[in-house]
Amino acid sequence: LELAPMAALSPARVRNLVRLWLHRLGIHSLRQRQWQVFFGDLMAKESAAGTLVLRGGSLRRYRQAIYCVDDDEVAPPSAAGWDGHQHAGLGSAGVLRWSRGQARGLDPGYSYRVVFRAGGEALQPAGSQHCVSLKRLLQEQGVPPWWRSRVPLLMCDGDLAAVADLAVASRFLAGADDGALQLIWDPRGGCP
């Protein structure tokens, strides 16, 4: 739910809009105390990241939007193997798919495994002269904080090769004619 368009609305209009949004998500309207938190912590604070806990989930502010987040979206994902097929089921972290393409992508000549963030990871993204921390890369890509531990990482021999479909390390970038692996991460899952 984008905050910018709501800035011009009266509090009553904002309540109606939020009620409709929550109804479409299958969530009952907020109680009076929750509305106070909504207007005080989620709407009013310019740069803060607020949270309003609901049954089975929460409303969270990140940058200039409010997200409805299920509890399983913030739970640590289960470890997942990748047997080289065109998709890897990642449990509550969704599905990671790949296809062969001509655009710049991951070199198919290596063996990769899927892991999740442990802390301290870094890589030199293709096209960059500098190494960057995974934390910074995810911030720059606008990945909400509660999803950052759920982003699938492809490792090869102890090195970070790719960050879902967000970045490929220079060392693991396929050549122009190598049939690069184009990664697609669907955090919601879907059918493989």
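The model is predicted: local features need pLDDT of at least 70, side-chain atom pairs count only at pLDDT 80 or more, and totals for chains, interfaces and linings use all residues. Residues are numbered from 1 along each chain as its sequence is written, and side-chain values use heavy atoms, without hydrogens and water.

**Terms**
- A pocket is an open set of points on a 1 Å grid over the protein atoms alone, where a 1.4 Å probe fits, with protein on both sides within 12 Å along at least five of seven lines; lining residues have an atom within 4 Å of a point.
- Strands are DSSP runs (E, at least two residues), numbered from the N terminus.

**Largest pocket**
- The lining holds 14 residues, and Ile27, His28, Ser29, Leu54 and Arg55 lie nearest the centre.
- Strands β2 (57-62) and β3 (65-70) each supply at least two lining residues.
- β3 gives the most, with three.
- Four lining residues are nonpolar, seven polar and three charged (Ala, Val, Leu, Ile, Met, Phe, Trp, Tyr, Cys and Pro count as nonpolar, Asp, Glu, Lys and Arg as charged, the others, Gly among them, as polar).

**Second largest pocket**
- β12 provides the largest share, three residues.
- By class, eight lining residues are nonpolar, two polar and two charged.

How values were computed:
Helix = DSSP H or I, 4+ residues; strand = E, 2+ residues; numbered from the N terminus.
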